[in-house]
Amino acid sequence: MIVYIIRRLLWLPVLLIAVSFLTFALGLHGPGDPCQVRLGQHVNPEALARCRHQEGLDRPLATQYLDYVRKALHGDFGLSLKYQGQPVGRLIAKRLWVTVQLNAVALGLGMAVGIPLGVIAALKANSWLDYAIVAVGVAGVSLPTFTIAPILSWFLAVRLHLLPTGGWDGIFSTKIIMPALVLASGVVTVFVRQTRANMLEEIEQDYVRTARAKGLRERAVILDHALRNALTPLFTIFGLLAGGLVGGSFITELIFGIPGIGRLAFEAFFARDYPVITALTLVTATSYAMASLLVDIGYSFLDPRIGRE
Amino acid sequence: MEGRGEWKVPSRWDNWLGFWRRFARNRLAVMGLILALSMFVVGIFAPWLAPHSYREQNLDAVEQPPSWTYPLGTDELGRDQLSRLIWGARTAVIVASTVTFLWVVIGVLMGSLAGYLGGWMETIIMRLADILFAFPGLLLAMLISATIQPRIEAWMKGIALLRSFVRAGYAEFFVVIFALSLGGWGGMARLVRGQILSIKEEGFVLAARAIGVPTWRVIWRHILPNALPPIVVSVSMGMGGAITAEVTLSFLGIGIQPPTPSWGAMIFDNYTFWRRSFPVAFRLLWLPGLIIAALRFAFNFLGDGLNEALSPGR
């Protein structure tokens, strides 16, 4: 297992180098010169050259890349071009915190609803209740954000005046309810499906029959024995969702006007704000890689069979 | 049959018939199949089905409610909403089928090479898939669209054969397709590799190799057919995902550019209407969204149905 963990750990820097190189290379081929963007189209060539020199855009590419990596390791991603003078690192950190809060609420909500529903569906397998839960689950994953967001907004905000239409005031404001619901709808489905499938498999196992045979109450058999084993694989999904949601709340943030990194990415792309774009891609890819690394390592503790081969 | 003491090897036709019977038992899956097929029909025959042009603006009839001339009314610019929805299906069909085709071809090729050959080939392919997997798909697609799109268009204009294609506004299709398939094949490659690793150990593969069947033929004729069910299922599911991805990109204004109609761009353009009265919001904003949702339903149920029908033992 130690060898497995070390192998996984060694893979991380390779992945990060590849990711940073790819973002750097794509950024170079962008159609807009960041200095041109900042100074406007009708600028005298001298000022442009000075700006390019200041930004280090006239140096050899290899030097620029190494410099970029060295600074990134210190958390320095340069200055934003659009938000004049703001360090990209701080900009992203501020926006990332908003996205993390929103996603944590959505993930919690999705799990709190999804796992119990999945267990119920498995216990009542092939009954109308099971079909209803599965159907609602499929609906959750089939409804894209841009379908349910306007419909929810229309009913809850315009018709019933229950909730505000958008904005951000932290997690204790009513403004978070709608975006969290929209985000959670996809998460619920994943948890319902997985919990149901895992439970169905566990109920058939010999140890469940043994537990029943020795006279345990059904409640204890399900909750203490079957559920515990059914939840272990969910750990993986939790980790991957946590890593992936950071890039997944794009549309929700845009529609509900939430100042998270999804919206930051959108604004940065249209402003050709390269430092922000590359840093964002790097941060998102890194967070995903870290999440899947932690999941794999954590999983090898939870299920010692992993990594033995 | 057993009573008469004879047993017939089931023909290919019998196998298909059995598969269809199992599939037809699942009504939701059949409905999904019908919906998915109708999307293809509408998309392919869009120029003949649409009552109006998708770009023709009638400025005397802006934001009209449904009428005989405009069955679903008109949008802000006086364009027929029904025709735009129909042409949007064409965009969805082109992008989704090409993306899925590329996913499958690249994924199956890479996955079978990795799974069958193993060694350093496997390491390189699977690590490459890992790297592309770590990128959030949307961001990678955005990054590609925003950075190398002009280059690709310029390159395509340089080739005489493709020039008229670019002029017709199809170049952005290529960029979207490229961006979406670049990140997508990894999942398919993993799936195929896993399948092949387990099938490779079966007796019939050993037998085929022992009598000297060439490697490509072992993979193509002996291993892949047995790995087919999960591939077919993930193609069906992936199709729904590809449609959503195209819609998401064009919603963000990064994919298909106006005036080419795409459901995503239609939702974005009409987004200001969501506060208006129910019929206006429904026609212009909810309808494209509900069509996408219905198609995703369809492909999900279709995938579930195929899964059941293709693995009768389980």
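Where in chain A does Asn126(A) lie?

Modeller: The model is predicted: local features need pLDDT of at least 70, side-chain atom pairs count only at pLDDT 80 or more, and totals for chains, interfaces and linings use all residues. Residues are numbered from 1 along each chain as its sequence is written, while chains are lettered from A and ligands numbered from 1 in the order in which they are written.

Asn126(A) belongs to the loop that joins helix H5 (88-123) to helix H6 (128-142) in chain A. Helices here (H or I, at least four residues) and strands (E, at least two) are DSSP runs, numbered from the N terminus. Although Asn126(A) is not a glycine, its phi is positive, at about 65°. Asn126(A) is exposed, because 8 other C-beta atoms lie within 10 Å; the term exposed applies at 12 or fewer such atoms, buried at 20 or more, and partly exposed in between, with C-beta atoms placed from the backbone.

Chain B gives 33 residues to the contact and chain A gives 32; two residues are in contact if their C-beta atoms, placed from the backbone, lie within 7 Å. On the chain B side, helix H5 (119-134), helix H6 (137-157), helix H10 (215-251) and helix H12 (278-310) each supply at least two residues. That side divides into 24 nonpolar, 5 polar and 4 charged residues, where Ala, Val, Leu, Ile, Met, Phe, Trp, Tyr, Cys and Pro count as nonpolar, Asp, Glu, Lys and Arg as charged, and the others, Gly among them, as polar.

Helix H10 of chain B also holds Val235(B). Val235(B) counts as buried because 20 other C-beta atoms lie within 10 Å. Leaving aside neighbours within four places in sequence, Val235(B) is in contact with Thr100(B) and Val104(B).

Chain B as a whole comprises 12 helices and 0 strands, and 44% of its 314 residues are buried.
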